[in-house]
Amino acid sequence: MLLEVENVQLSDTPVAKTATPRETSFTQFRQAFSSQLSSILALIGLSVILSFLSPHFLTSGNLLTVLLQSSINSILAVGETFIILTGGIDLSVGSVVAFSSAIMGELVVNYGLNPYLGILLGLVLGTLTGLLHGVIITKIGIPPFIVTLGAMSIWRGLALQLTGGTHTYGLPSVILWLGQGYIGPVPVPFVVALAVYVVSWFILDRTQLGLYTYAIGGNEQATRLSGINIHRYKVYLYAICGFLSGLAGVILAGRLNSTAGVVGVGFELDAIAAVVIGGTSLFGGEGIVWGSLLGAVLMGVIRNGLNLLNVSAYYQMVVIGAVIVAAVGVDALRRKKI
């Protein structure tokens with residue numbers, strides 16, 4: 001892939017001298033395809049096993065439940081994909097979900113704010129949190145892991161303080177429709193998730209922002225030396241991640257018909273797992289957004305299967321943790337073979 005910015009070409013960088021653009025593109029395609037193929041085979045194999053272990057797994061109602069349960073994680077995985085492609089990480093998405101939905105619920109239910117303005121407020125708050133993360137990371141130079149780890153505690157604490165640790169019920173119908181409605185047989189949250197993926201695919205594959213996202217993750221130093229303002233684009237990406245966290249918060253509030261500071265705990269781990277399972281490298285620069293959708297659905301099938309088999313929540317945590325470690329291990333082994 002050739003980048004030309006301000007009469008400077010990335011092909012002149014040390015990275016471009018070791019591999020031609022065509023070779024690099026072919027390698028990236030082969031890696032992404034092989035990871036997706038592995039995930040597809042895992043999804044098929046797991047579905048076959050669960051269909052034998054539980055007669056309820058292959059029913060239409062249960063499969064729609066899997067799609068519904070996967071929707072929020074799918075949306076969060078998109079934002080995480082943007083960040084991980086640059087070599088960063090965002091550990092605060094679950095807390096941003098709680099923070100944005102808690103403020104929306106408080107103002108709409110207890111202060112009579114118009115529900116459409118409440119939804120817009122949730123999205124804006126999510127975007128501002130991501131924007132703040134990006135500014136701190138790029139301007140001060142604190143690693144993303146530290147910034148978002150601290151943010152995870154900050155936004156969670158503010159959400160709990162605002163709600164007093166209680167639930168806020170009685171959300172208006174438009175918010176409930178976003179979380180519980182159907183378009184034909186398909187849940188609205190999954191339709192929204194698909195729309196998010198289409199837009200995100202377009203951004204990553206057809207826009208300058210997507211091109212620079214891969215370039216930053218592939219070789220940040222070379223990208224910076226080519227004249228690209230990597231700090232500005234990183235801030236954009238963290239803002240996108242925050243926006244999608246706010247969107248997930250609105251949908252989750254509609255699904256639960258309530259908001260609370262305790263929701264979204266552990267969402268960040270599920271989102272990161274979905275991204276890695278879908279073939280995006282934690283080291284940055286490699287991956288496609290559709291792989292994250294596949295990873296999120298696979299995570300949804302795993303959780304659904306464990307619930308159908310009456311596996312305790314504690315053992316589910318063990319399984320999910322093992323899946324994350326295995327996915328990262330496969331990613332590391334794959335990179336060693338390159």
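How many helices and how many strands are there in the chain? The chain holds 14 helices and 6 strands, where helices (H or I, at least four residues) and strands (E, at least two) are DSSP runs numbered from the N terminus. The model is a predicted one, in which local features need pLDDT of at least 70 and side-chain atom pairs count only at pLDDT 80 or more, while totals for chains, interfaces and linings use all residues. Residues are numbered from 1 along each chain as its sequence is written, and side-chain values use heavy atoms, with hydrogens and water left out.

View 1. Buried residues (under 20% relative accessible area, with exposed meaning over 50% and partly exposed in between, for a 1.4 Å probe and protein chains only) make up 50% of the 338 residues in the chain. Leaving aside residues up to four places away in sequence, Leu247 is in contact (heavy atoms within 4.5 Å) with Ile75, Leu123, Val192 and Val196.

**View 2. Helix H6 and its buried face.** The 20 residues of helix H6 (residues 144-163) should span 28 Å at 1.5 Å a residue, and its end C-alpha atoms are 28 Å apart, which agrees; the expected span is 1.5 Å times one less than the number of residues. Val147, Thr148, Ala151, Trp155, Arg156, Ala159 and Thr163 are buried in H6. Seen down the helix axis, these buried residues fall within an arc of 155°, so they line one face of H6, the arc being that of the directions from the helix axis to the C-beta atoms. They pack against helix H4 (93-110) and helix H5 (115-140), whereas the face turned away from the buried side carries the exposed residues Ser153 and Gln161. Gly164, which follows H6, has a positive phi, near 65°.

**View 3. Two asparagines with positive phi.** Most residues other than glycine have a negative phi. Asn310, found in the loop between helix H13 (289-308) and helix H14 (313-337), has a positive phi of about 55°; Asn310 is exposed, with a relative accessible area of 70%.
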